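This report describes the fold of a single chain and the packing of its helices. Please consult the sequence and the model alongside the text.

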Amino acid sequence: LNGVKTWIANSPIADFFLVWARTEPGTQLRCFLLERSRCSRLSTPEIRGKFSMRTLPVGMIVLDNVMVPEANLLPVDNGFKGLFSLLNLARIGISWGVLGAAAFCFELTRNYTLERRQFDRPLASNQLIQYKLAQAMTELNLALLGCLHVSRCWDEGTGTPEMVSLIKRNSTEKALEAVRRCREMLGSNGLVDAYHVVRHMNNLEGCATYEGTGDVHALVLGRAITGLQAFQ
């Protein structure tokens, strides 16, 4: 096997890798199980300097004429269909997870604005604070309902990839918007790690990128709406 894939979570410390590749140009994708101890020409340099997803090592997978035993060619569903079935499940999980991060920030911010006093009044008594809290609560709850509906459809076998694109794109955008509002309400305290909001905000920037950017998912939805494909 030859090739490079970057931004792989835990690749610098992993002992086993599932790699999807073509055995010949134009053939279907196949899934290979690689074992680090048996692949001397496999390397996984770490990506450093991240400001998002800092709690786990992220790196590359570099394959330079890696020899793989035939027994490590897995007898799983071949082609992009099998791969995308895994990605769809991951995207559903992300759609829920980003809203969990935003819900934590919302609850922290609500408590903060109720406890912090300015000019002998709770910060939460100001109209703009209540407006921002209401906006965040509205968008997060509507996004949660979307995730619940799509997850139920997926369990029933009626879900579609377009539905997954819709909630992945919506959840990451609404979660990031809500957490940015929370950061604003905490003022300068929103920038320090003691309150965690800026940490979640940075992580959500990463969530908006991986497993398909919001722009790419918008094009998937655009194809479903118009019947015309704007990408290859």
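**Basis of the description**

This is a predicted model, in which local features need pLDDT of at least 70 and side-chain atom pairs count only at pLDDT 80 or more, whereas totals for chains, interfaces and linings use all residues. Residues are numbered from 1 along each chain as its sequence is written, and side-chain values use heavy atoms, with hydrogens and water left out.

**Overall architecture**

The chain contains 5 helices and 7 strands. Read from the N terminus, the elements follow the order β-β-β-β-β-α-β-β-α-α-α-α. Along the principal axes, the C-alpha atoms occupy a box of roughly 75 × 40 × 30 Å. Of the 232 residues in the chain, 34% are buried, a term that denotes under 20% relative accessible area with a 1.4 Å probe and protein chains only. Contact means heavy atoms within 4.5 Å; among contacts between residues at least 6 apart in sequence, 66% join residues at least 24 apart.

An open sheet is formed by 3 strands in the order 1-5-4, with antiparallel pairing. Strand 1 (3-9) and strand 4 (42-43) are at the edges with a single partner strand each, so one side of each has no neighbour in the sheet. Two strands are taken to pair if DSSP finds at least two bridges between them. Strand 1 pairs with strand 5 (residues 58-63) in the antiparallel sense over 5 bridges, and Val4 has Val62 in strand 5 as its bridge partner.

**Helix packing**

Helix 3 (residues 161-185) and helix 4 (residues 197-207) have axes that come within 9 Å and cross at roughly 155°. Axes are lines fitted to C-alpha atoms, for helices over the stretch in contact, and angles run from 0 to 180 degrees between N-to-C directions. Helix 3 and helix 4 are therefore roughly antiparallel to each other, the term for angles over 145 degrees. Their contact involves, among others, Leu176 and Val179 in helix 3 and Met201 and Leu204 in helix 4. The residues of this contact comprise 8 nonpolar, 1 polar and 4 charged.

The axes of helix 3 and helix 5 come within 9 Å and cross at roughly 140°. Residues of helix 3 including Ser165, Lys168 and Arg169 meet residues of helix 5 including His217 and Leu221. This contact divides into 5 nonpolar, 3 polar and 4 charged residues.

**Buried residues in the helices**

| Residue | Relative accessibility |
|---|---|
| His217 | 3% |
| Ala178 | 3% |
| Ser151 | 14% |

His217 lies in helix 5 (residues 214-226). Leaving aside neighbours within four places in sequence, His217 is in contact with Arg91, Ser165, Lys168, Arg169, Glu211 and Gly212.

Ala178 belongs to helix 3 and, with neighbours within four places in sequence left aside, contacts Ala136 and Leu140. The C-alpha atoms of Ala178 and Lys5 are separated by 32 Å, with the two residues 173 residues apart along the chain.

Ser151 is located in helix 2 (residues 127-156). Residues up to four places away in sequence not being counted, Ser151 touches Ile92 and Trp96.

How values were computed:
Helices (H or I, at least four residues) and strands (E, at least two) are DSSP runs, numbered from the N terminus. Angles under 35 degrees count as roughly parallel, over 145 as roughly antiparallel, 65 to 115 as roughly perpendicular and the rest as oblique. Ala, Val, Leu, Ile, Met, Phe, Trp, Tyr, Cys and Pro count as nonpolar, Asp, Glu, Lys and Arg as charged, and the others, Gly among them, as polar. Buried means under 20% relative accessible area, exposed over 50%, partly exposed in between (1.4 Å probe, protein chains only).
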